[in-house]
Amino acid sequence: DRDTTLGAFTYIEDEGGMGRPFWGVPQSFYNDVASGTANVGVNAIDPNFKVPSQWKAALGATYVFGDNYNLMVDFIYTDDKDAAGIVDATLEPIGTAPDGRPIYTSIDRSDPDCVDPLSAMCDDRNFNQDFILTNNDGGKQKVFSAALSKDYELSGGTRANWTLAYAYTDAKDRNPMTSSVAFSNFVNFSTSNPNNPGLATSNYEVPHRFTVRAGVDFPIFGDYYTSLDLFGVISQSRPYSFNFVGGGDLFGDGLDDRHLFYVPTGPMDPNVIFDAGFDTTAFFAMINDLGLDEYGGQIAPRNGFQSDWFSQWDVRIEQELPGVLGGHKTKAFVVLDNIGNLINDEWGVINQAGFPGSVELVELDESGFGPNGEYIFTDFETVTPESIQSPVTRASVWQIRVGVKYEF
């Protein structure tokens with residue numbers, strides 16, 4: 001490697017100074033691999049890793065009745081096989097928390113002293129994690145949808161149509177694999193056991209979704225039609241979880257803020273010590289307001305809470321025009337996406353918990369557990385169902401698109 005300076009900017013050329021900065025592989029990386037430097041984190045693939053697959057079964061039916069009403073019903077069942085997941089091979093369980101979740105420590109598995117991970121001679125990896133891409137049992141997804149539609153032929157060549165539809169989704173997985181690299185896929189979801197996450201509601205589940213479509217085509221002059229179409233969606237947003245506040249390492253993986261929150265049964269819960277000054281009255285009022293009270297004495301479920309409903313409406317206007325030659329047509333159109341937001345900036349807004357769908361709630365004593373293994377709650381974040389959620393900016397703003405098509 002050599003440093004090369006351009007004004008105030010310094011970069012390192014790669015691969016022995018071949019002059020390919022920024023995009024090549026730095027020579028120091030080659031050197032590290034060649035030297036076999038010990039005690040550094042790695043990304044690896046389980047030698048028994050299988051390409052993930054899914055088994056799917058679909059059943060659908062169409063029924064035409066009455067005055068040409070069209071009813072379509074579909075059911076899709078999906079069973080994951082050999083779903084992908086990430087584990088940290090340095091983590092070794094050394095105990096259990098008061099709610100039964102495992103407590104880990106990070107060890108160097110090449111160190112013979114780590115046969116006993118609690119040995120004072122065992123080399124702590126200092127969180128140079130070894131991430132392994134492996135398989136898990138995956139999950140299951142069920143989707144039911146139904147749509148009712150009708151077309152009309154009206155006087156003067158006018159045509160009209162409408163569709164009403166509904167979709168229900170029940171989606172479960174173990175690791176939603178939210179990101180593009182091993183570390184992010186390991187940390188960016190809530191769990192109570194990072195190396196063996198349980199089956200839970202998927203980050204991507206939208207339980208209920210209604211859609212509406214209506215359109216009318218009518219000729220203004222000759223055979224050239226004007227088309228007006230309205231499309232609307234009324235839907236729930238994505239789910240979220242309640243976690244402990246980050247900053248500590250009570251569970252041994254250095255990521256307290258991805259650990260699901262334990263819900264106390266009340267001020268006298270034997271698994272919790274409330275620190276001096278902890279406002280239990282305000283805390284349990286908040287617990288009730290958030291809907292956590294039904295999980296008293298349990299770990300709150302991953303994605304057990306749903307963001308708000310929202311609605312968005314789009315309008316499309318298209319006009320047919322003559323083409324250059326006979327039989328050709330020009331079509332000019334305007335699409336107004338999220339027209340409600342154009343009219344009022346408080347309409348058409350999607351509010352949901354921010355990525356990756358976790359809400360930090362209670363801070364734990366970083367020094368450890370209580371004398372009988374209890375959690376020590378030191379403080380809590382004051383949140384409401386409204387404050388948890390924020391607008392999804394790009395999906396919540398209006399847009400206008402204008403275009404021309406030429407058909408021949």
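Glu320, Lys329, Lys331 and Glu407 are linked in a network of salt bridges. A salt bridge here is a side-chain nitrogen of Lys or Arg within 4 Å of a carboxyl oxygen of Asp or Glu. This is a predicted model, in which local features need pLDDT of at least 70 and side-chain atom pairs count only at pLDDT 80 or more, while totals for chains, interfaces and linings use all residues. Residues are numbered from 1 along each chain as its sequence is written, and side-chain values use heavy atoms, with hydrogens and water left out.

Look at one link of the network. Lys331 forms a salt bridge with Glu320, and their closest N and O atoms are 3.8 Å apart. The pair links distant parts of the chain: Lys331 sits in strand β21 (residues 329-337) and Glu320 in strand β20 (residues 309-322), 11 residues apart. Strands (E, at least two residues) and helices (H or I, at least four) are DSSP runs, numbered from the N terminus. Both partners are shielded. Lys331 is buried, with a relative accessible area of 12%. Glu320 is also buried, at 10% relative accessibility. Buried means under 20% relative accessible area, exposed means over 50%, and partly exposed lies in between (1.4 Å probe, protein chains only).

How many salt bridges does a search of the whole structure find? The search finds 16. One of them joins Arg302 and Asp173, whose side chains meet at 2.9 Å, N to O. This pair, too, links distant parts of the chain. Arg302 lies in the loop between β18 (298-299) and β19 (305-306). Asp173 belongs to strand β11 (residues 159-173), and the two are 129 residues apart. Arg302 is buried, with a relative accessible area of 5%. Asp173 is buried as well, at 11%. Another salt bridge pairs Arg101 with Asp99, with the closest N and O atoms 2.8 Å apart. Arg101 counts as buried at 2% relative accessibility.

Now turn to Asp80, in strand β5 (residues 69-81). Asp80 is buried yet has no salt bridge. Which side chain of opposite charge is nearest to Asp80? It is Lys56, 8.2 Å away. For charge, Lys and Arg count as positive and Asp and Glu as negative; His and the chain ends are not counted. Asp80 does have a polar partner. A polar contact of 3.2 Å joins the side chains of Asp80 and Gln141. Such a contact is a pair of N or O atoms within 3.5 Å; within protein, one must be able to donate a hydrogen and the other to accept it, and residues adjacent in sequence count only if both atoms are side-chain atoms. Leaving aside its neighbours within four places in sequence, Asp80 is in contact (heavy atoms within 4.5 Å) with residues including Ser53, Gln54, Asp137, Lys140, Gln141 and Lys172.

Next comes the nonpolar interior. A nonpolar core is a set of buried Ala, Val, Leu, Ile, Met, Phe, Trp, Tyr and Cys residues joined through side-chain atoms within 4.5 Å. The largest one has 32 residues. Phe242, Phe261, Phe283, Leu292, Leu361, Tyr375 and Phe377 have the most contacts inside it. Two or more residues of this core come from each of β15 (239-244), β16 (262-263), β17 (272-274), α3 (280-289), β23 (358-364) and β24 (375-380). Apart from it lies another core, of 8 residues, among them Leu91, Phe131, Val187 and Leu255.

The structure also holds 1 disulfide, a pair of cysteine sulfur atoms within 2.5 Å. Cys114 is joined to Cys122, S to S 2.0 Å. The link is right-handed, with 100 degrees about the S-S bond. Are these cysteines buried or exposed? Cys114 is buried, with a relative accessible area of 8%. Cys122 is buried too, at 13%.

Finally, some backbone details. A cis peptide bond joins Phe355 and Pro356, with omega about 0 degrees. Pro356 is found in the loop between β22 (351-353) and β23. Asn68 has a positive phi of about 65 degrees although it is not a glycine. This residue lies in the loop between β4 (53-65) and β5. Asn68 counts as partly exposed, at 46% relative accessibility. Met177, also not a glycine, has a positive phi near 50 degrees. Its place is in the loop between β11 and α2 (182-187). Met177 is partly exposed, at 24% relative accessibility.
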